[in-house]
Amino acid sequence: MDKIFITRILPDVQLINNLKEHFEVEVWEKSSPPNTEELLMKSKDCWGILTMLTEKIDNDFIIKNQKLKIIANMAAGFDNIDIETAKQQNIMVTNTPDVLTESTAELTFALLLLMAKRLPEANQAIRNNQWGPWNPNWMLGKDLKNANLGIIGPGKIGNAVAKIAKSFSMKINYYGRDPKIDFPGNYMQLEKLLVTSDYISIHLSLNNETNNFLNAKHFKKMKQDAILINTSRGKIINQDDLLQAIQSNEIGGAALDVTDPEPIDSSSPLLQMQNIFVSPHLGSATKATRYKMAKIAIDNLISYKIKNYCPNAVI
């Protein structure tokens, strides 16, 4: 039987059992991902692999795995894979689109609320024994009603965030390559969006065009109390520039579910700032969403084996 290597334990053992009806299956059972050498060794002679974003499937890896026919990435994105080399080697690459839209949008808005109401700072103040008598000027946050939310990247997740924001009576503006007919907000050029937004939420895929998409020149245009939210990819923001912008009070703060690198070093100066909140890439972290992602990845492998076709091909 053709062999499949899965780079992490999946949420449901039955998913593995389904795969074993068609393949010889090996699962990496450690909590940390395989390193480069381990990944190469385990993938040797495999017909297919099921990967996570933590696995770097680069030119060298693909060239050394001549028997590989499919890479099933358990993620909406696929910036961890050298797509061009895979295409040249006639290797199918698949992802798990659409299933994490709602969970990521919910997390985005949770981060927005955390920052607007200064909840991380307030909780830390309690832990530091700084909660004194009621004070009308202490720990003042920002309102959401009638505030301007700027969405950069009007895809499915950006659309879902906009719909949640509408229920809070926020004013929605967005920037993308082109205006979207069905997007619940007003199209703006990037510079105007940066200047007018009270909150900015990023929902871009990572590619050559979006690497370091937001940097010092953009932060200088933002409102001094603006809050930046990123639940897309860490490399889209220049983190050094972001830190400098917050330290110099150019913007009000940021909430990051993604960082560069991941995981972020615990000594990073970003983690020392009261008005920066970092969560550990939790956009898809619900039981239901992770199960759906794993199932789609498994189904991609089986479909390609049986039908030589996959609806979730990215190339």
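Residues are numbered from 1 along each chain as its sequence is written, and side-chain values use heavy atoms, with hydrogens and water left out. Because the model is predicted, local features need pLDDT of at least 70 and side-chain atom pairs count only at pLDDT 80 or more, while totals for chains, interfaces and linings use all residues.

**Stop 1: helices 5 and 7.** Select residues 101-116, helix 5, and residues 156-167, helix 7. Helices (H or I, at least four residues) and strands (E, at least two) are DSSP runs, numbered from the N terminus. The two helices pack at an angle of about 50 degrees with their axes 9 Å apart; axes are lines fitted to C-alpha atoms, for helices over the stretch in contact, and angles run from 0 to 180 degrees between N-to-C directions. The pair is therefore oblique (angles under 35 degrees count as roughly parallel, over 145 as roughly antiparallel, 65 to 115 as roughly perpendicular and the rest as oblique).

Now show the side chains. On helix 5, Thr-101, Glu-102, Thr-104, Ala-105, Glu-106, Thr-108 and Phe-109 meet Lys-156, Ile-157, Ala-160, Val-161, Ile-164 and Ala-165 of helix 7 (contact means heavy atoms within 4.5 Å).

**Stop 2: Leu-149.** Select Leu-149 in strand 6, residues 148-152. Its relative accessibility is 0%, so Leu-149 counts as buried (under 20% relative accessible area; exposed is over 50%, partly exposed in between; 1.4 Å probe, protein chains only). Not counting residues up to four places away in sequence, Leu-149 touches residues including Leu-112, Val-161, Ala-165, Ile-172 and Tyr-199.

**Stop 3: Phe-219.** Move to helix 9, residues 216-219, where Phe-219 is found. Phe-219 is buried, at a relative accessible area of 0%. Leaving aside neighbours within four places in sequence, its contacts include Leu-214, Leu-228, Ile-237, Asp-241, Leu-242 and Ile-251. The C-alpha of Val-195, 24 residues away along the chain, lies 9.4 Å from that of Phe-219.

**Stop 4: Asn-275.** Finish in the loop between strand 11 (253-256) and strand 12 (276-278), which holds Asn-275. This residue is buried at 17% relative accessibility. Display the backbone oxygen of Gly-252: the Asn-275 side chain reaches that atom at 2.9 Å. Beyond neighbours within four places in sequence, Asn-275 is in contact with Met-115, Glu-121, Ile-246, Gly-252, Gly-253 and Ala-254.

How values were computed:
Polar contact = N/O pair within 3.5 Å; in protein donor to acceptor, adjacent residues only side chain to side chain.
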